Amino acid sequence: MAEAIRTFDWWATYLGPIERWPLELRTIVNLMLESDFPKAILWGPSLITLHNDAFLTILGNKAPALGKPFSEVWTEAWPVIGPIAERAFAGESTFIENFPLAIDRSGAVEEAFFTFCYSPIRNDEGSVVGIMDTVVETTTAMRAHQAETVLRRELVHRVKNIMAVMGAVVSASLRQAETLEQAQSSITARIEALSRAQGLLAQPGEHTDLETVIEAALAPFRQGLGRVTVGGPPVRLAAQEAVAISLALYELATNAAKYGALSAENGQVSVAWERSEAGQFVFRWTETDGPPILTHPSRKGFGTRLTNRIVPAYFNGQADTIFAPDGLRYELKGTQSPLSKE
C-alpha cells in the first residue's frame, strides 16, 4: 500500500499531490503503513480513504478503496456507520465492540462483526482534519458464540424432552406391569431404545437419517439375514421425530419377537416408507409368515398408546395398528416438520 499511495493520482482528489500534503497527514500515513493492525485514514470533509495492507482483509473483494470517499467504499453500510464517522469528525472518539454490519464485499450482502475505533485527527491548531479508523473483524468469534448459544438452548430443550419421555415410559410401564421384575425389564429396555436414539442425535447436524435410525433401533432384534427388510427414499428426521420413531420401532419389534413374525422361524418383517410430492410421509411396518392372529387384543397397553397416539403427534398425523390374520400391520401417516426435508 505504501507503493500504491506513492503512485496514486492524488491530483484528482481533495488531497492534491503528496508533496503538498500537510506534515500531520504525511506523519500519520507513515505511522499507519508501519502498523500490522488494520487501519484506515479518512481525510478531509469528504473523508478520502488511505489504508494499510492489513486493512485489505477488511475490504475483501471490494473495489480499490484508495482515494475514494469512505461513504463510497461502504455505501451499503453508510446509513449505520455514517453518523458514527460524523461524530468522530466533530471531535467525538468512538469505540465499539462486536458491531454487526450488513456489508457487500464479495458480490452478496453478508452480516459481519467488527470491533473498531474512530479517533479524530487534529492539526497543530486543534481542529479535526480527519479520522483514524482502527478495526478488527470479529465475525468468526461471534459466529462461534452464536452457535454455542444455540447448542446450549438445544441441549436444555432436548434434556427436558428426554426427561418428559422417560417419565411417561416409567409411569406407564409400572402401571402395565404385573410384577416388579416385569416392570424393571420393560423400563430398562425402553430406556435403552431411547438411549440409542439419543446416541444418533449426538452426531453433528440438525437432522438424522431415517434409515440409520431404523437400523439402530432394530439391531437388537435381528435374528438372521433376510428376516427384516428395510427400504425407502432418503428422509431426514428432526430430533424428536427420530426419538418417536425409535420408541415405536422398539414396541413393534418387541411385540414381533414375543408374539409375531420374529417369534416364528420363517417370519418376516418389512419396514418401508415413502414421501409424496405433497409432503405426506407414510411409514409402514408389515409382518408376514408369523403365527396367525386369531383374536384382537382386548387390552390396550402403553405400547399401543405410544405407537397409535403419541408417535403420530410428532408428525402431525395419525397411525393405525391392524391385527390382520396373516400378520400385524402398522401404518403412520403424517406431514413432516421443516427440519425433516431432505
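The legends below describe close-up views of a predicted model.

In this predicted model, local features need pLDDT of at least 70 and side-chain atom pairs count only at pLDDT 80 or more, whereas totals for chains, interfaces and linings use all residues. Residues are numbered from 1 along each chain as its sequence is written, and side-chain values use heavy atoms, with hydrogens and water left out.

**View 1. The five-stranded open sheet.** The strands (DSSP runs of E, at least two residues, numbered from the N terminus) follow the order β2-β1-β5-β4-β3 with antiparallel pairing, where two strands pair if DSSP finds at least two bridges between them. At the edges lie β2 (48–51) and β3 (94–104), each of which pairs on one side only. From one strand to the next the twist averages 30°.

**View 2. The pairing of β1 with β5.** Strand β1 (residues 39–43) and strand β5 (residues 128–137) run antiparallel and are joined by five bridges. Within this pairing, Leu42 stands opposite Ile131 in β5.

**View 3. Two helices lying across the sheet.** Helix α2 (residues 23–33) lies across β1, β2, β4 (109–122) and β5, and runs at about 165° to β1, while helix α5 (residues 78–89) lies across β3, β4 and β5 at about 135° to β5. Helices are DSSP runs of H or I with at least four residues; axes are lines fitted to C-alpha atoms, for helices over the stretch in contact (heavy atoms within 4.5 Å), and angles run from 0 to 180 degrees between N-to-C directions.
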